[in-house]
Amino acid sequence: MSREEIAKSYEPQEVEHRWYRYWEEHRLFEAETRSEKDPYCIVIPPPNVTGTLHMGHALNNTLQDILIRYKKMKGFNVLWQPGTDHAGIATQNVVEKDLAAKGTDRHTVGREKFIELVWEWREKYGGLIINQLKRLGCACDWSRERFTMDEGLSRAVREVFVRLYDEGLIYRGDYIINWCPRCHTALADLEVEHEERDSHLYYVRYPLEKGDGHLIVATTRPETLLGDTAVAVNPEDERYQGLSGVHVLLPILDRPIPVIFDRYVDTEFGTGALKITPAHDPYDFEIGETHGLKRIKVIDEDGRMNELAGPYRGMDRFECREKILADLEARGLLEKIEPYRHSVGHCYRCKTMIEPLLSKQWFVRVKPLAEKAIQAVKEGRTKIYPTIWEGVYFDWMENIRDWCISRQIWWGHRIPAWYCEGCGEVVVAKETPETCPACSGKDLIQETDVLDTWFSSALWPFSTLGWPDETEALKTFYPTSLLVTGFDILFFWVARMMMMGLHFMGDVPFRDVYIHALVRDAEGKKMSKSKGNVIDPLQVMDRYGTDAFRFTLAAFAAQGRDIKMSEERIEGYRHFVNKIWNAARFVLMNLEGDEEPMLGHAPAALADRWIRTRLGEVSEEVSRALEEYRFNDAAGLCYQFVWHEFCDWYLEMAKQGLYGGGEMERKSTRGMLCEVLMAVLKLLHPFMPFVTEELWQRLPGSTGSIMEAAFPEPSAHTRDREAADEMKLLMGVITGIRNVRGEMRIPPSKNVSVVMDIPDPQDALVLRRNEAHIMTLAKVDRLEIEAGARKPEGSATAVYGENQIHVLLKGLLDFGEERKRLRKEIAKVEKEMAAAERKLGNRGFLEKAPAEIVAEVRERVEGFKQRLEKLTRNLEFFDEDDA
RNA sequence: GGGCGGGUAGCUCAGUGGGAGAGCAUCGGCCUUACAAGCCGGGGGUCACAGGUUCAAAUCCUGUUCCGCCUACCA
């Protein structure tokens, strides 16, 4: 077989496309619906159809893909269930913008046509993010891709809605909700983002209806006073005793409103008098309820003042504020204005200031559902990693409030409720009813509102598997194994899936939840388009290759800390990918095609025995790290092992067998190289799918895709403690010689002679057996090894354990330099020894510390002493020499 | 207001009771035919600050301070 032609550096672009296509064509991503193997299932957090891949997606999906590929190699029947989310408000906004550009709007187009247009838009652009996930290498089972507006998922939504309604867990009613005047819809509490703003606190005089005097109330929103129906004071407040039954006059409108007493009012804040606007403030609404107050709505759905706002009718809410302040001022009713900082709610989609508004909406009564969801986590049926998030989950679940699920938009699951024009009956049903069950009338009009997108997302772990049908997939994969997501949607999504899964499936939706960090920019700021600090993952993949990017994400995915991303770091890991490429290139260039698998054979060479041992240990550690979601540890272990053990030592030592040995040795070295490289590729495959597949396929003896290969298993018989110890000694002396060479600035081209004093005969034997390695790796041309060897003239000395390694530097040795070097070494050892001796001098330590710790410290001190003694003797040698 | 996380080498971060670590950057020596996207070697830290617990603290406790995030109905 001819030697492989292989490029000098790794070029990712072409490779990546080719292998992804290969995996898809060979249907390697597809799960078995029924299987003998244990199932392992992850449902993807469905990206928004309007979305494009950002750093958060990249991290989230890389982590999932690592686990999916790892579990597949471990022999599981894996399913990574993909799909997208219809993102009601966001998608509707995008299509509306399109319409606006064409000079029209959805109302002109009409509901039916508009929805058609959204579907068209989705056909055209909805696949974008899916293709981007493919670029990332995601091993999703695309044959099962779902969309929250699919026929099947829509059926699940209706089923859930109807059942919850029948159980009394969904109701409709007039309440204060968060209204976005721009999106023109209600929002759930969660969809409101609070932000601190500098504002003002206005003190307004409300004259008493009878007689002189007035009450002063403090407010941040003077425009809402038009809807005031009372002024509340605390019954305990001495300032306001005797106001029982008294009325004040609403400024400007001169409407008399009562003074009421309520414990809620904080006597410390403002003047202790609170204006009550039940139609425009959530708490005022509740006070209004308990006191039976009228609700006067003065702001409409566009954020404009309505006819009840009297002279301000038609004004925008902000414009009205200015005008009303001017009018109050003019009438002498504005007592004072104080600067005031408070948080204001904004729409999470469009950042418009939220208007709390009285409105008729649909709600889910979540308390009973939440209780079961809390219980499930308390009992450990679902585990949240890192556990810190369990606390956050409990806190939110325990204080949960009813969920407003109706949205006044068109794109989404239309609420399956019909109103009878004849008798007013509300019919909630899975299928469109023909007649009213109450009056048999045929005039039924469907509710125009649609459901919150998160309502359908909450069903994702079972709706995607075929529910409400009892499918095989559902039986095989529910409960799913793991959910991987960012904490920003812990409440939006995770909590709601828990509630729905428990309620409808009778079991948790997933066994584990892994919450990962947020990706920030290099300064730790949240990436956002407006800040202009976004790093586009697609550009990163183009520039550095997907494998380097994925490895970077894994390496930085430490639990509980945000990731500060910068391109420099990705570049560093591109070097690592290239390193692997070149290591494989070296192996491939030396293979001759007649290599026999060495597995089962016991290799004689030290390096071979050692690398097998390390391979076993490292695979075990990497496996454990992945099982515990310590991605950074897993990546770090791979990096350290592959670069600093496999490349730096094993490959270098293999050259000896390749170029310096006999026929048998050459052949067995080639076999081992092939075996070890295969294992290394398999170890790395979950992190770097593309480069590992490319190299795997080039290796003789590999069959099929690396995706289907078995992850390296640590097997007990490859553990070779002796080889590890011997390697340690060998590396120690080689490093010792290199230290001397480096510090003495001996160029690599210059060989040196070395005399070693090795007191232990066994150690001496090991080193003699590996003389050739010492000579090549430390650039030594003459090597003498014996117990009690004398220090030659003009030599610098490295001390390793009880061994002294004298490096002959005839003529090259700068005595001053060597003295300096030894003194530095001595100082270092002395410092460490002093610390250890201090411990031994402490009676408390000797008495109370565990025996093995004491023994360990004793041993250490012994080592230091020995070393120190040898270093000192060498130093003295020069002092004499000098004299 | 409440809660959480963080402050360790120039930078980014691991390390949760017993010898301060990694990567990058930096400095010195090398184009040694797998790799200069590389090799070999060196330097660099009062582990934010102050107390405490302990034989022993980067690690546990208390307080201070700075940064970040989440959450909330004081208008």
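Select threonine 84 and the residues around it: leaving aside its neighbours within four places in sequence, Thr84 is in contact (heavy atoms within 4.5 Å) with Pro46, Pro47, Val49, Arg122, Ile129, Ile130, Arg146, Phe147, Thr148 and Trp460. This is a predicted model, in which local features need pLDDT of at least 70 and side-chain atom pairs count only at pLDDT 80 or more, while totals for chains, interfaces and linings use all residues. Residues are numbered from 1 along each chain as its sequence is written, and side-chain values use heavy atoms, with hydrogens and water left out.

Thr84 lies in strand β3, residues 83-84 (strands are DSSP runs of E, at least two residues; helices are runs of H or I, at least four; both are numbered from the N terminus). Its relative accessibility is 1%, so threonine 84 counts as buried (under 20% relative accessible area, 1.4 Å probe, protein chains only).

Next, select Met500. Outside the four places in sequence on either side, its contacts are Val160, Leu164, Trp403, Phe455, Ala458, Leu459, Phe462 and Met505.

Of its 222 residues, Phe455, Met500, Phe646, Tyr650, Phe687 and Met756 touch the most other members. Helix α20 (631-660) supplies the largest share, 15 residues. Another core, of 31 residues, lies apart from it and includes Leu243, Ile299, Met315 and Leu334.

Finally, select the open sheet β10-β11-β9-β12, 4 strands with mixed pairing (strands pair if DSSP finds at least two bridges between them). β10 (247-249) and β12 (273-276) stand at the edges with a single partner strand each, so one side of each has no neighbour in the sheet. Inside the sheet, β9 (230-233) and β11 (256-261) pair in the parallel sense over 3 bridges. Val231 has Val259 in β11 as its bridge partner.

Definitions and conventions
Chains are lettered from A and ligands numbered from 1 in the order in which they are written. A nonpolar core is a set of buried Ala, Val, Leu, Ile, Met, Phe, Trp, Tyr and Cys residues joined through side-chain atoms within 4.5 Å. Buried means under 20% relative accessible area, exposed over 50%, partly exposed in between (1.4 Å probe, protein chains only).
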